[in-house]
Amino acid sequence: MTPSPADRAGRERREHSLLGPARPGPAQSCRPGCADCACACVFQRTKREWRPLEDRSCTDLPWFLLFTVFCVGMGSICGFTIVTGGAARLVFGYDSYGNTCGQRNEPIEGVRLTGLDHTDRKFVFFLDPCNIDIVQRKIKSVALCVSLCPAKELKTYEDLKRFAMVNGSELCSYELAAHKYPGLPERIDKCPKLPVPPSKPLPVFNRCTPVDVSCYAKFAEAVVTFVGDSSVLHRLIAGVAASKEIIIGLCVLALALSMILMVIIRYISAVLVWILTSLVVLGSLAGTGVLWWLYIDHRLYGNDTSPKLPKEAKEEMKAELSADSGQALLVYAVSASVFTIILLLLMLFMRKRVALTIALFHVAGKVFIHLPLLTLQPFVTFLALLLFWIYWILVLLFLGTSGNPEQNEETGLTEFRLTGPLQYLTWYHAVGLVWISEFILACQQMTVAGAVVTYYFTRDKNRLPVTPILSSVLRLVRYHLGTVAKGSFIITLVKIPRLILMYIHNQLKGRENVCARLLLKMCICCLWCLEKCLNYLNQNAYAATAINSTSFCTSARDAFVILVENALRVATINAIGDFVLFLAKILIMTSTAFAGVLLLNYQRDYTEWLLPLIIVCLFSFLVAHCFLSIFEIVVDVLFLCFAIDTKYNDGTPGKEFFMDKALMEFVESSRRLGRAAERGRSRVKEAVSEGAEMKPMAPGTSSA
């Protein structure tokens, strides 16, 4: 459809308002037959210019196709496990001879007791369910397919015989006759370990699991190091079970506090930031003063600290104190003084940028009021991650029961293992965990950035789209999935080597030398820092893509240029903003913990409500982190929009600002300070020039 003249005029006004009049250059073309080319040039948009909310185009399409092919590969792994029977073996269970429970089986060559009909035997029963390998995290017991799990404790072989004759469920190996259990010599190795604990079938996965949790005390000890005996484990689990309603209520409280705090920060941002910075400065001054006072007190009165000692002992003590304590106090005092001076200089030169941080926090609070659905974004992201992680774990378990049957030489049990090229499917699946998880998180960043960009560059906030979040999601799905896939892949390239190095470090713990351990930790630390820097750059690249609809590399370069031009502002916002948000997370966690102490105080035994309180604290910090990380993304995107706005607009007619009133006040205040400083410099120059004119002539000279 051809745009109307009014639409074309409106678009020209928007372009003019952001960037000003078009300048002649290589991006212009002239109408044929025009004498004055400067008047007839038609501006052609290039990818290097900022055009907020203008034309949209697909970005990084090859990366979207590559990500689609990769996801198809992930789905093919799941299909492979289903076709080869790995999924069925995991769900229905299988015995130690390779037979799947609940169905008729084909014989396996070279393995005894295979090819059995287990149609009526639907449950997996372990002869010794408490025989757990702590290192490998797996049960080493022989497994059989049975038709019924023992609901009561079986203490003797007569009980085993009676259970088999009455219920038709034989709990000993298949080659043993049930009526001969008490007298067979093989019963010790091929029958369950007595007494047999009562068990119930596990839902969905059809495993007979003991009801008494004391059976898993060794496994719990491997996971939770402070559990020394089963009684402590019993009391902790009992405390969680008795306090489950309180735990749920406290988790809801943490959720409500996080949502309320994001709105309150808008109104207390100035007070909060200045109080925190003042406390840091006063704390450093007080600490420095105390250290110098201790040093001076030591130099003046250090000799009289022990008047009852003999003179020789006093002299010896004086020498020791002078050599050790005095020198240490001097070093501490000098270091604290240097730190305090640097901090005061930073606060002096960055005080204006602290005001910018306050203004951005204020505007971010307004964003959440105008876009309340932003508060639901952590729920959507968490749900997407949770569903994917559940799928990933299931497919990983499917892979663990897929492949060719092999007999373990140590235990004599049949295991299914992937051999040949198929063993690399697990590595492919592991890469998929990192890439797709990062892709989901990047989609959240792009969605939030698109909504904030729409809010910022819409002059009349009453004319915002009905659902800016939904509009941002639709733009992401339609145009920018390739950009998100590329950015998340870059993070994956850094994260996977770091995870591998961490795995090697854990495997070599206690066996590597000091140099190797130090080198590994340095590499892990460097990769972690690189990952954090790339995460921040990626986030700004997504915001640039949401503004200008450019590819990932172009957006990252444009965002990097803007950030470098405002390096001091970026440093201030990140330092002060992150510190304030961290304290907000601690505030939510401590408030929830305090409420938990009051509510759990009815549980008189400390160990009974210690674990519930720890669970509540961890969950409250996680919830606060999820919500305030959205707030942090909003602040970063607002700053990028603000930097672009101030770079291309100056508030004059035709180049009006897009920014909010709070940011406008900051700009006007900065301009007033700048004009005052300029007037001061001009007065100094005038005074200097007047002094030069009134300077008397040197002796021996005369006027012409």
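1. A cavity is a set of grid points where a 1.4 Å probe fits but cannot get out. In this predicted model, the largest cavity holds about 60 Å³ of space, and the structure has 3 cavities of 30 Å³ or more.

2. The lining of the largest cavity consists of Phe 361, Ile 573, Asn 574, Gly 577, Asp 578, Leu 581, Glu 632, Val 635 and Asp 636. Helix α18 contributes the most, with 5 residues; α18 and α19 each supply at least two. Sorted by class, the residues are 4 nonpolar, 2 polar and 3 charged.

3. The second largest cavity has a volume of about 50 Å³. Around this cavity lie Met 446, Gly 450, Ser 472, Arg 475, Leu 476, His 480 and Ala 546. Elements α14 and α15 each give two or more residues to the lining, and α15 gives the most, with 4. The classes are 3 nonpolar, 3 polar and 1 charged.

4. Elements giving two or more residues include α9, α14 (425-456) and α19 (606-648); the most come from α19, with 10 residues. The lining has 24 nonpolar, 12 polar and 9 charged residues.

5. On the surface, Ile 260, Val 263, Ile 264, Tyr 267, Ile 268 and Ile 369 form a nonpolar patch with about 520 Å² of accessible area together. Helix α9 (residues 244-301) provides the largest share, 5 residues. Ile 264 lies in this helix and is partly exposed, at a relative accessible area of 36%.

Key. Residues numbered from 1 in each chain as written. Predicted model: local features only at pLDDT ≥ 70, side-chain atom pairs only at ≥ 80, totals over all residues. Heavy atoms only, no water. Patch = residues over 30% accessible without salt bridge, like charges linked within 9 Å, V, L, I, M, F, W, Y side chains within 5 Å. Areas by Shrake-Rupley, 256 points an atom, 1.4 Å probe, with all protein chains shown as cover. Salt bridge = Lys/Arg side-chain N within 4 Å of Asp/Glu carboxyl O. Buried < 20%, exposed > 50% of the residue type's maximum accessible area, 1.4 Å probe, protein only. Nonpolar A, V, L, I, M, F, W, Y, C, P; charged D, E, K, R; others polar. 1 Å grid on protein atoms, 1.4 Å probe; cavity = no way out; pocket = protein on both sides within 12 Å on 5 of 7 lines; lining within 4 Å. Points joined across faces, edges and corners; volume = space filled by probe spheres on them.
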